[in-house]
Amino acid sequence: MSKDLADSISDLRKRLNIVANGFEETLKQQPPNQEVNGKANLPTRQKIAEMSAEVSDSNPYSRLMALKRMGIVQDYGRIREKTVMVVGVGGVGSVVAEMLTRCGVGKLILFDYDKVEMANMNRLFYQPHQSGLSKVEASKETLLHINPDVEIEVHNMNITTVENFNILLDRIRHGSLKNEKVDLVLSCVDNFEARMTINTACNEENQIWMESGVSENAVSGHIQYIEPGRNACFACLPPLVVASNIDEKTLKKDGVCAASLPTTMAVVAGFLVQNTLKYLLEFGEVSHYLGYNALVDFFPKQQILPNPTCDDRYCRQRQQEYKEKKSREVPKEEAKKEEETIKHEDNEWGIELVDESVVEEKSQPSLDGIKFAYEVPQTSHTEQEDQPIQKSTQDLSKLMQQLKNL
Ligand SMILES: [Zn+2]
């Protein structure tokens with residue numbers, strides 16, 4: 001080898017080393033939250049053994065635990081014992097799953113068989129780099145990143161096949177943290193066939209569930225609480241497409257897709273999770289049917305009773321059981337009604353008019369450590385207080401005498 005060639009190789013080596021070192025330095029200087037090849041390399045948080053009410057910037061539960069201090073929820077920490085099944089993690093279900101994760105629910109069981117697509121990006125939750133992943137796997141990754149305290153079980157499957165329906169039944173029956181029945185099933189699916197499947201499963205398992213839906217024109221939606229036997233199930237009042245045995249797949253035209261707005265979906269998801277929290281943690285009033293018409297901002301609310309001739313035999317059986325249960329509970333129900341009447345007086349907003357004279361008559365508030373902001377003047381007449389009145393009477397008679405003398 002000539003000297004010239006050896007020098008050239010040595011020079012090239014040096015240059016290559018400089019370039020390699022520079023590349024390493026660039027990698028080191030990258031901030032930890034920068035995405036590499038579209039995959040997030042983000043800081044994570046450790047699991048937290050117990051929910052604490054401690055007020056600190058690093059406690060993700062302090063604002064939720066404050067609900068107790070505000071007198072809204074008696075024991076917020078109980079949410080960690082709860083298991084919620086979410087069937088369908090599309091535009092509504094993914095947001096529902098995220099809200100429940102942020103609220104610190106104990107366990108989530110997710111069912112879906114769809115993949116994330118770029119066409120989903122007008123909605124919330126999923127991100128472009130997740131395109132092509134199954135929705136349940138993409139959800140699990142994001143949700144565990146947000147809150148690793150939540151246990152996430154996922155099933156990438158279509159629940160409407162016979163085999164998968166049995167898996168759905170089994171997970172309702174044994175899916176909880178204690179391998180018992182789940183606390184609630186949330187239906188966030190976009191077709192009647194899947195809704196009817198969830199309905200059949202919940203009637204059979206006597207499982208309380210909540211239905212949700214957003215219209216194809218994206219400007220209305222609803223949520224519905226269904227307690228088998230107490231409320232109308234999905235088969236009690238079937239939509240025309242189900243009642244007429246029409247295959248809904250034949251209704252969809254090629255190239256025509258339903259509209260969707262992230263706003264309407266978020267409103268419905270918010271309603272659904274709010275109702276879920278009220279039901280799970282026993283506060284406020286659980287809505288049985290709550291509608292949303294975005295064009296005029298109309299929110300109809302009602303209760304739909306079950307149909308005694310419902311096609312679903314389990315629904316009819318649950319109705320019978322509910323009637324028997326109610327007939328045994330009559331005195332308790334009456335007592336509750338009486339209590340409610342006092343609480344809400346006679347207006348539908350539950351606003352109470354406080355008679356100030358009644359408040360003034362109270363000498364001491366009943367709660368320890370609480371006192372009135374101002375002292376109410378004494379109204380009872382003591383002997384001492386009567387004296388000035390007598391005096392003034394005397395003064396008046398003197399004045400009358402003076403007047404007469406004039
Ligand atoms: Zn029914």
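Trainee: At what angle do α3 and helix α4 pack?
Mentor: About 25°, and their axes are 9 Å apart. Helix α4 covers residues 135–146. Keep in mind that this is a predicted model.

Trainee: How are α3 and α4 oriented to each other, then?
Mentor: An angle under 35 degrees counts as roughly parallel. α3 and α4 are therefore roughly parallel.

Trainee: And what is the hand of the α3 and α4 crossing?
Mentor: Right-handed.

Trainee: Which residues of α3 and α4 make the contact?
Mentor: From α3, Ser94, Ala97, Glu98, Thr101 and Arg102. From α4, Ser139, Leu143 and Ile146.

Trainee: How do the residues of that contact of α3 with α4 divide, nonpolar, polar and charged?
Mentor: Three are nonpolar, three polar and two charged.

Trainee: Switching to α8. Where does helix α3 sit against helix α8, in distance and angle?
Mentor: The axes of α3 (residues 93–102) and α8 (residues 262–281) come within 9 Å. They cross at roughly 45°. α3 and α8 are therefore oblique to each other. The crossing of α3 past α8 is right-handed.

Trainee: Which residues of α3 and α8 make the contact?
Mentor: On α3, Val95, Val96, Met99 and Leu100. On α8, Met265, Ala266, Ala269, Leu272 and Val273.

Trainee: By class, what is in the contact of α3 with α8?
Mentor: Nine nonpolar residues, with no polar and no charged ones.

Trainee: How many of the residues of α3 are buried?
Mentor: Eight of the 10, so α3 is largely enclosed by the rest of the structure. The buried ones are Gly93, Ser94, Val95, Val96, Ala97, Glu98, Leu100 and Thr101.

Trainee: What covers the buried residues of α3?
Mentor: The cover includes the helices α4 and α8. It also includes strands β1 (83–87), β2 (107–112) and β4 (184–187).

Trainee: New topic, the sheet. What order do the strands of the open sheet have?
Mentor: β3-β2-β1-β4-β5-β6-β7-β8. That is eight strands, with mixed pairing.

Trainee: Which strands stand at the edges?
Mentor: β3 (151–156) and β8 (301–302). Each has a single partner strand, so one side of each is left without a neighbour in the sheet.

Trainee: In what sense do β7 and β8 pair?
Mentor: Antiparallel, over two bridges. Leu290 stands opposite Lys301 in β8.

Trainee: What does α6 touch on the sheet?
Mentor: α6 packs against β1, β4, β5 and β6 (220–226). Its direction makes about 165° with that of β4.

Trainee: Which residue other than glycine has a positive phi near 55°?
Mentor: Asn206. It lies in the loop between α6 (192–205) and β5 (209–214).

Trainee: Why does Asn206 count as partly exposed rather than buried?
Mentor: Asn206 has 16 C-beta neighbours inside 10 Å, so it counts as partly exposed. Buried needs 20 or more.

Trainee: What about the phi of Glu282?
Mentor: Near 50°, also a positive value in a residue other than glycine. Glu282 is in the loop between α8 and β7 (289–293).

Trainee: Is Glu282 buried or exposed?
Mentor: Exposed, because Glu282 has 12 C-beta neighbours inside 10 Å.

Notes
Residues numbered from 1 in each chain as written. Predicted model: local features only at pLDDT ≥ 70, side-chain atom pairs only at ≥ 80, totals over all residues. Axes fitted to C-alpha atoms, helices over the stretch in contact; angles between N-to-C directions. Helix = DSSP H or I, 4+ residues; strand = E, 2+ residues; numbered from the N terminus. Parallel < 35°, antiparallel > 145°, perpendicular 65-115°, else oblique. Left-handed = near helix turned anticlockwise from the far one by under 90°. Contact = placed C-beta atoms within 7 Å. Nonpolar A, V, L, I, M, F, W, Y, C, P; charged D, E, K, R; others polar. Pairing = 2+ DSSP bridges.
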